[in-house]
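Hello,

Here is the structure I promised to pass on. Please have a look at it, and read my notes below when you have a moment.

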Amino acid sequence: MTTMMTSSLSNPTILLRLFAAILLQSTLHLNNNSMSADACSVLPPCDLQATQIHLTNITGIVHVDVNQHEACPWDWNSNNNNYEPIDSTTIEVEIETQTVRTNSSNFVAMSLDKEGEEYVPLGLDLPTVDQMDFASSLRFEPNSEVVSIVYQDAELEYTLTGLDAPESQGMYEGIIVFRSEFRDRVYFIYPTTSSSSQLASCQLQAPYNCNISTNSVADYDFFDIDKMALDRVQVWEHQPNMNLVALPLVCCLCVNARYFTLDESGLSKQVEVLGNTINPIAVDSRIGMAYAVSGGYGQNITIVAEALNTVENNKALQLSYADVFVDELQQPSQPEPDMSASPSVAPVPAPVAGEAVTDAPVVLSADGTNVPTTTANGSTETPTNSVPTKGEPEGTDDTKSGVIAVGVGMSWRKVALSIIPFLFLL
């Protein structure tokens with residue numbers, strides 16, 4: 001163990017990645033007043049907060065519960081802050097057509113009641129594959145390409161080409177192993193002498209052959225997967241649309257797992273929208289679609305859909321306060337933008353109460369940036385991420401929403417998060 005730790009700490013790449021992990025842990029939970037980090041404690045809710053995604057009886061349509069809280073405070077430690085919801089609503093979202101319905105009387109779908117007697121489990125509520133204690137039975141030796149597991153009371157040995165086995169299994173170093181019942185195979189993700197990861201898909205029955213692949217793991221280095229917690233690996237195999245693997249992450253990142261789509265050869269893609277379990281996530285196994293909601297804390301909320309089985313651009317819908325909390329009796333007023341104070345902010349068309357919102361939501365491009373949308377009057381606008389809170393004009397200063405400014409429109413959190421991806425690429 002001492003040899004392994006000394007070797008790891010002498011590797012500049014591993015040191016930089018450890019620094020990135022520590023920086024990420026601190027950044028995710030930065031106290032905006034005292035600049036202190038607190039493990040994995042989440043900031044209290046403020047402004048808009050999505051709380052749950054409900055699948056419905058119509059595929060492609062979801063219901064999202066949203067709470068409205070008071071505006072995000074500058075002083076999070078003040079005893080005068082009220083973190084209780086002051087309003088709540090449920091909206092109906094159809095991302096494919098960019099449609100939002102805010103009036104429940106106009107909903108076209110019904111939420112699937114998980115407490116109801118007729119509820120049939122879907123998505124992440126479906127049963128997972130028994131991993132047969134593969135993680136605890138995994139054995140390997142340094143300077144050897146041979147690994148073994150115990151399956152049905154028999155010890156099976158496999159040769160993993162190019163394996164660079166560590167002294168022992170550790171949190172950041174080691175071999176990932178999981179089982180596919182549907183394919184009757186065991187999968188190994190392992191480090192190699194070339195510093196990249198390879199995946200071996202091996203038969204659990206004679207002749208016990210393995211197929212070695214690098215393509216299926218080329219876009220992810222598995223550094224932050226907790227190799228000491230492989231008992232938390234989950235595999236869902238529900239044909240034809242849901243073949244999903246959840247690999248556990250190291251502690252304190254406020255995210256439980258990374259999700260990947262599984263096929264015969266290995267992991268075909270990472271399902272990125274399921275990577276944030278602080279905010280609501282859901283999987284519709286009927287059509288192979290994953291959903292997530294992000295934002296809040298003074299930002300617009302964004303509802304994203306990602307296909308499990310195809311590599312295509314994610315579809316997203318971005319909603320402000322005015323899009324979600326529509327006054328049934330009176331149209332919410334839209335203040336004229338102050339072009340001198342905030343020249344980049346464009347007014348967002350207000351939705352009509354009781355009607356589908358098709359023009360007001362912001363459409364995101366594949367890289368997460370805003371793209372121009374056509375409004376009801378035919379003009380083209382490029383929306384921004386500025387969020388009008390109730391009673392506030394658009395273009396609110398960051399200092400009013402609990403973000404410490406760094407330069408123009410930047411925060412310490414944004415600066416740190418912009419650095420972290422480059423450290424993991426090293």
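Strands (E, at least two residues) and helices (H or I, at least four) are DSSP runs, numbered from the N terminus. In a regular strand the side chains alternate between the two faces of the sheet. E18 covers residues 301-307, and because seven of its seven residues are buried, it is largely enclosed by the rest of the structure.

Before going on, a word on the source: this is a predicted model, in which local features need pLDDT of at least 70 and side-chain atom pairs count only at pLDDT 80 or more, while totals for chains, interfaces and linings use all residues. Residues are numbered from 1 along each chain as its sequence is written, and side-chain values use heavy atoms, with hydrogens and water left out.

Which strands pair with E18? Strand E17 (residues 289-295) does so in the antiparallel sense over seven bridges, and strand E19 (residues 315-319) is also antiparallel to E18, over five bridges; pairing requires at least two DSSP bridges between two strands. Met289 has Ala307 as its bridge partner, and Thr302 stands opposite Gln318 in E19. E17 and E18 form a hairpin with five residues between them, and Gly296 in the turn has a positive phi of about 85°.

**Backbone points to check**

Most residues other than glycine have a negative phi, and most peptide bonds are trans. Tyr297, in the loop between E17 and E18, has a positive phi of about 55° although it is not a glycine. Its 25% relative accessibility is why Tyr297 counts as partly exposed. Gln98, in the loop between strand E3 (87-94) and strand E4 (99-101), also has a positive phi of about 55°. Gln98 has 16% relative accessibility and therefore counts as buried.

There are cis peptide bonds too: one joins Ala206 and Pro207, with omega about 15°, and one joins Gln239 and Pro240, with omega about 0°. Pro240 lies in the loop between strand E12 (234-238) and strand E13.

Enjoy looking through it!

Technical notes: Buried < 20%, exposed > 50% of the residue type's maximum accessible area, 1.4 Å probe, protein only.
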